[in-house]
Structure formats: structure tokens, C-alpha cells
Amino acid sequence: MTIKELDVIRAKKKALIDVRRTVREQGEKLAKQTGYRKQVLVCGGTGCTSSHSMKVIEQLEKSLKELKIDDVLVVKTGCFGLCSLGPIMIVYPEGAFYAQMTPEHVKTVAEKHLVKGGEIVKELLYQGTVAKDGSIIPFAETPFYKKQMRIALRNCGVIAPEDIEEAIAAGDYSALEKVLTSMTPDDVINEVSASGLRGRGGAGFPTGRKWSFAKASQGDIKYVVCNADEGDPGAFMDRSVLEGDPHCVLEAMAIAGYAIGAHQGYIYVRAEYPVAVERLRIAIKQARDCGLLGKNIMGKGFDFDIEIRLGAGAFVCGEETALLTSIEGHRGEPRPRPPFPAVKGLFGKPTIINNVETWANINPIINNGAAWFAGIGTQTSSGTKVFALGGKITNVGLVEVPMGTTLREIVEEIGGGIPNGKKFKAAQTGGPSGGCIPAECIDTPIDYDSLIAIGSMMGSGGMIILDENDCMVDISKFYLEFTADESCGKCTPCRIGTKRLLQLLTKITEGKGEPEDLVKIEELASHMKQSSLCALGQSAPNPILSTLRYFRQEYVDHIEKKHCDAGVCKALLTYSIDPQKCHGCTLCARNCPTHAITGKVREPHVIDKDICIKCGLCMSNCKFGAVVRN
Amino acid sequence: MKECKGACGTPEQAAKLKAVIEESRSVPGCLMHILQEAQAIYGYLPMPVQKTIAEGLNISLSEVYGVATFYSQFSLKPKGKYRVSVCLGTACYVKGSDKILEKVEEELGIKCGDSTDDGLFSLDSCRCVGACGLAPVMMVNEDVHGRLKPEMVKGILDGYRRNEQ
């Protein structure tokens, strides 16, 4: 495809995409140019497809046919971000934001709203977009979206990711065009360096510097790799980018290839992401067919192609040297650095390896300039960061905020607070390699350096919110189970250290802890940090160290008082029935799986503590609040 | 380790595997890809299949076995017709997915990692399927079941049992 042909596509589809980005009145004017009276966008990301958004699309197409409506366009997009309200459907030009749609709801919307002269069905909208007086608030103005700034996710939930023409019209491949027509490789690297972009995979290494090392390395064959092995449990940022805008990653990899002199790229993606893999396959094929990958891209004499490699379920492969070993077809074990991949990487050749979200920032940096990007965020952490917000929070979903946004803004405003009136206890960032941010640090600005200063880390972007019912010792144990399971076993400090830490934590949660266990934990943790081969082992103690720093008393209570305040650690709990409150209704006794509860009708019941397995069923069934947990 | 009974699989499966090996053997780093394809053909990776791959690529069996046992996606045991997988990612865990797993184990009478004797169900845990908005979540083959409570488990499994009758 030549630049002229790209321009033709942009001209043809621009209005169609713009309708989805503008406010109501302008949108209506624009809609007239598109040939479509309305556009209905349905989320086809993993979150919404899991809540059956494909049935929503089926029903929508069926209803439109039945009602003989042919001027409404149905678009299957990537993630809109508000996953807890899925399946989500947005109707433009009004920007009507329908949530938790069922096929029944779709029928109603088609009959009442999508027909000519139809009206928005208010009761099916996301209720956050309906004001008290009944007027409709644009969804971009709701607390969830208002404080967000979408750079990496700019096209997610806007375009149909399986349609390269929409991607081109939305701006994909425009940066590659600029680079190939008017920039030297050094210009590209200087621009990326000046933007201050740091790796979004977790460690935060300056991207421009990585590229310049790879450019400086001698060799006729070099490689560009995309790390899409998003292994942190509870994180789905990279998956959303790949599902919503796969072309932006292909484009950025080609730009890097031009900058360092590479002609082959690899995307290493988790096999657990079938939707993302499929969209990538489609995107690569389309890009090749259009001459945007392959030989002589845009007729500018530059060759670059990309291959997909599937991971097979090993967390350690998120570590760059382990990932490269895995692409080579071996056990995904890390190797010592130096030599760094920029010098000796894939198949022994100079390689740059960046994470999906890092790649997603390249197009805007090239198009808008380094100064624009550096002006967003904080001095040392420029740009935005995408977080997968999960756990005990009202608005579970995907958010992108400028660096420096405080945790309070994310939890209370964007996240909509903690459900069921519970108290915020901590936010866990960085997954098994990170730590927690306690309630007293809720005003900490989120950027690389502030998080390290308080003992956590940015990580790849998983953010799990914990409330008063979560036990921090148990959470540490959860992460240690994960790292002990995922340790590749190559180096001793990690292989044996994670096991030993897990044993100590298990001992504490089972009520067998001794005061010197905490000393042992701290000593072992410091050895592991210093002597493990790769980041998995070096950072595995972080969840324990950071909870010990802020919630030491909880550990002490578990050890000395044999008490778990949050009521999570089973071995430390006892259930009993308050005879004053018990009505003798027998409900608990009938539901007890081990028949540990006895008593006559209308007389107080008793729990036999020797038989009780502490499942808590009696407590959740009792209508009188008579079951007490200590 | 469970070996295949007699000759492993059908001649069609053997032919498919041979074709995959022929097609990929010159691609650098092809072993993982071949193992993934082989698992798609046979449902798991029995020893004779690993031997065929080792011979086809002219590498040692220990190398093939080393890779097959390193990654959690590869299975040396046959899986059930319905593969139940309970998500134990963080978002699901803090919402009680451990209790869901306990309930499935109780309901199927097997431990995580095993299959039922009739070959209908196998049970595993996984780390995040990315449907955190629906936590806690379990998957049965490609179906995602979300917003689970322990008391819902029996009904879901019974649904698959009914399919078989």
C-alpha cells in the first residue's frame, strides 16, 4: 500500500471514526457524512465476551433485520474499560452507554431507540450516566472516565480491531509513515529518548536508551520482540491493547526495526489469551496483504515482518532472557545479564524487547512529539499508565491515568470506592513482585519512584484493592504459593527460598508461628533479593516485606495471640453460638456439612469445636446473627 | 506415567503429527510449536508422541521431555472431556475462588490436577483468565462461568452431565 492509498482510506473512514470520538451535536452532523444514521459499538474484549457479548451482537443483527433497519452499523470493538458492567453497548452519535445487556434488552433498545425517531431507553443505561433530573450525562463526564487520559488505549473501544481500514483511519500506521518519509533512525531514537518513556512491563527502564544500545550493537541481523506474556494474576492491560488495537503494536515494532536496523519481529503472547492471539493473527495477515509489513513497506524500501510465538503457561517467561530462551524453543529459564539482550539476545543477536503497553505509546510520541509526551505525568515518569483495577472495588475494569495521579483518585473517584460499605485496607500493585500501599499512603502519587520509595513497585499494572476482610498474612502466602509454583528451579536462592518462605508463612497462618519466624523471614528475604538469578526470585519476597512493613502487627497477632483479625486464616478461628440470640430454628444444624451443631427445636444450639471444619455456613445462614466468630 | 495402549492414537493422528514436524522442522525454535500442535492432535503428550517428535527433529528425548514438563500448558496425562479450570488469580482469590475450587473438588470427588474415572471431567486451577470483572470465575472448556458462589457449582456441573445423557 502506498501513502496515497493510505490517504484514500483515511478520507473514506475518517468521519465514521470521528463520530465515536466527538460530543453529541457535532457527532450528529458528522454522522450525516458517514451514510450511517447510528453506530452501535459492542465490546468484544475477553471481559465482555465472558459475560456473553457475542449473544448481544447476534440478537442485535437479528433485530435490525427484523425491523428492516439498514442504516445502523454494528461494530465489534475492544475493551471500553468498565468490565464489571459488561456486556457494554454504546450507541453513537448520542453516546448512549448501555450496560449489562442481555439479548432481551437488546431487543428493547432496537425497537425503541434504534428505529427512526427512536428515543434512548434510559432504564437500560449505565445508571451513572443518568442525572437525578433524568437528563443524560455523557459517559466521558462520569467519574470513572473523567480523570482518565487514554493514550495507550486511544483506539480501544473505538475501532473494530479486525478491520485494518478502521485502524488506519484512527491513526495507526501514520507514525510509521512519518518515520519512513522524514526521519532518520537516529531521529527516531532521539525522539523516543526525549519523551522520557520508560518500560511499562514493570522495571521502568528508559525505552530510548534500550533502543540506542541495540542500534550501537554491531551485527547484520537484529531482532525486535514484543513481550505479551502478561503473567501477573489479575492484570489484563496488555491483553486489552492486543484485543482492541493490535495494529498499534505491529506499527511500533516496525518503527523500532527501522530505528535499530532489524527486519524481523516476534510477538511472544500467552496461549491463555485466545481472543488476543486470533486478533493478532488477523492483524498481521491484513498488514502483510496491504504491504504494511513484509518487503518494501509503503514503497519506501524498508523490509520488516512479524511472527507470533505462543507461550505455554510459565510466569518466568515474562522475564526477558527467559522469554528469549523460550522463543528459541527451550525451557524458559533465564540467563545471567550481562550480556544484555541489546548486545546478545534472541539467537545470540542484538535484540530489543519491550512490553505491549510500551509499544502502544510509540505512535503518539512520534506523531505529537517528545515534548508533548514529556509534558504529561511527572518529571521522572512521563506519560500515562494503564491499570487493571480489581478486587474489592465497585468499578472493576481497565483505567489509564496520567502518572502522578494519586491512589485516592483511582480508588475513590475512578474506582467508585469499596462496595458493601467496607473500609479500604490496601492496594496491591506489581503482583507477585510488588507490594502493597496501605491506607495511610493513599495520597501517594502513582509513579515509578514514589512507589519504590514506599516499598511497592509499579509492576505491569495489576492493582488489586483489599478491604478489612482481607488478611495480609494470607495475601503474602497467596503470592508465595504463586512464586514457589512458578520458580523455574534454575537457581538455588529462588527455588529453595520461595519454598522455605512459604513454609514459614503457612506455619504462621496455621497458628504454629514462633516469634523468631519473623527474623528468619527477613533474613532469608534479604539473601534471596541479593543472590537470585532473575527478577522473579529477587522480587519474590516483596509481598512479604511490604506487608511486614505496614502490617507487622497482623503477623504478631497471628504468632502471639493466634488470632486473625480479618477472619481468613481458618486454623485460627473458632465458631460458637450466642445462646442469648439463638432462637433454636435449627437452620444451622440442618446446613452443617459435618453435623457439628446439635440442639433441640426452640432451644439454643451448640457447636462441637472438635468436629467443626470452620466453613462458616452456619454464620452465613443464621438469620439472628447468633453465630460468633473469634 | 500413563502410556498409550498399543500403538498410540490413530493412523490419521500419526500422519498429522508427521506433517506438522515436516512443515516446522526448519524453523528455528520450532519445538514448542510442534508440542502445541501435537497436544491439539492427541489431547495430551504421551511418551510415544514425544519420542516421535524427538526422532523427527533429531534431538534427544530428554530435551523434548524437559520442555514438555516445564510449561504448565502441556499435559502428560489425558484430560477429561470437560476441562474444568478454576481461576486462582488475585482478583478471583480475594473474592473467594479457593472456596469454589474446594466445592468443585468435593462435587467431582477428585483433587485439582486429576480426572474423573469416567473421563468426563478433569480439574485444574489457572492464573487469571482476565475476566476479573466477573470474579470469581471458572472455565469449563471454552465457557466462562462468572460471579460464582459455592452453591452454584453443582448446578453448572450437572448441566454438563445432562449433555451426556
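Predicted model: local features only at pLDDT ≥ 70, side-chain atom pairs only at ≥ 80, totals over all residues.
1. Make-up of chain B. Seven helices and four strands are found in chain B. Read from the N terminus, the order in chain B is α-α-α-α-β-α-α-β-β-β-α. The C-alpha trace of chain B spans about 50 × 35 × 25 Å along its principal axes. Chain B has 165 residues, and 37% of them count as buried. Take the contacts in chain B with a separation of 6 or more: 60% of these join residues 24 or more positions apart.

2. The interface. In the contact between the chains, chain A contributes 38 residues and chain B contributes 29. On the chain A side, the elements giving two or more residues are α3 (46-50), α14 (320-327), β10 (384-391) and β14 (462-467). By class, this side of chain A has 18 polar, 14 nonpolar and six charged residues.

3. The main nonpolar core. The largest nonpolar core holds 222 residues. Which residues have the most contacts inside it? They are I88(A), V249(A), M253(A), I255(A) and V137(B). Helix α12 (residues 246-260) of chain A gives the largest share of this core, eleven residues. Chain B takes part through both domains: domain 1 (11-70) and domain 2 (82-163) each supply at least three residues. Nonpolar side chains tend to be buried together in soluble globular proteins.

4. Around I88(A). Leaving out residues up to four places away in sequence, I88(A) touches C43(A), C48(A), F80(A), L82(A), Y98(A) and A99(A). Another core, of 13 residues, lies apart from the largest one. Its members include A589(A), C592(A), A596(A) and I597(A).

5. A five-stranded sheet in chain A. This sheet is open, with the order β7-β8-β6-β5-β9 and mixed pairing. Its edge strands are β7 (294-297) and β9 (351-355) of chain A, each pairing on one side only. Neighbouring strands of the sheet are turned by 25 degrees against each other on average, direction ignored. At the β9 end, strand β5 (residues 223-228) of chain A pairs with β9(A) in the parallel sense, over five bridges. V224(A) has I352(A) in β9(A) as its bridge partner.

6. A hairpin in chain A. Strands β12 (residues 424-429) and β13 (residues 435-438) of chain A pair in the antiparallel sense over four bridges. Q428(A) is bridged to C436(A) in β13(A). Five residues lie between the strands, and G430(A) in this hairpin has a positive phi near 80 degrees.

7. A helix pair in chain A. Helices α21 (residues 492-509) and α24 (residues 542-561) of chain A pack at about 35 degrees, with axes 10 Å apart. From α21(A), L501(A), I508(A) and T509(A) take part; they meet I544(A), Y555(A), H558(A) and I559(A) of α24(A). By class, this contact has five nonpolar and two polar residues, and no charged ones.

8. Cis peptide bonds. The bond from G86(A) to P87(A) is cis, with omega near -5 degrees. P87(A) sits in the loop between β2 (72-77) and β3 (89-92) of chain A. In chain B, a cis bond joins A135(B) and P136(B), with omega about -10 degrees. P136(B) is in the loop between β2 (121-126) and β3 (138-140) of chain B.

9. Positive phi outside glycine. N420(A) is not a glycine, yet its phi is positive, about 60 degrees. N420(A) lies in the loop between α18 (407-414) and β12 of chain A. Is N420(A) buried or exposed? N420(A) counts as exposed because 8 other C-beta atoms lie within 10 Å. T586(A) also takes a positive phi, near 70 degrees. Its loop runs between β15 (575-577) and α25 (587-591) of chain A. T586(A) has 15 C-beta neighbours inside 10 Å, so it counts as partly exposed.

10. I611(A). This residue is in the loop between β17 (606-607) and α26 (617-621) of chain A. Why is I611(A) exposed? I611(A) has 12 other C-beta atoms within 10 Å, and the cut-off for exposed is 12 or fewer. I611(A) touches T594(A) and A596(A), not counting residues up to four places away in sequence. The C-alpha atoms of I611(A) and H595(A) are separated by 7.8 Å, at 16 residues apart along the chain.

Definitions and conventions. Residues numbered from 1 in each chain as written. Chains lettered and ligands numbered in written order. Buried ≥ 20, exposed ≤ 12 C-beta atoms within 10 Å, placed from the backbone. Contact = placed C-beta atoms within 7 Å. Nonpolar A, V, L, I, M, F, W, Y, C, P; charged D, E, K, R; others polar. Pairing = 2+ DSSP bridges. Axes fitted to C-alpha atoms, helices over the stretch in contact; angles between N-to-C directions. Core = buried A, V, L, I, M, F, W, Y, C linked by C-beta atoms within 7 Å. Domains from an automatic or database assignment.
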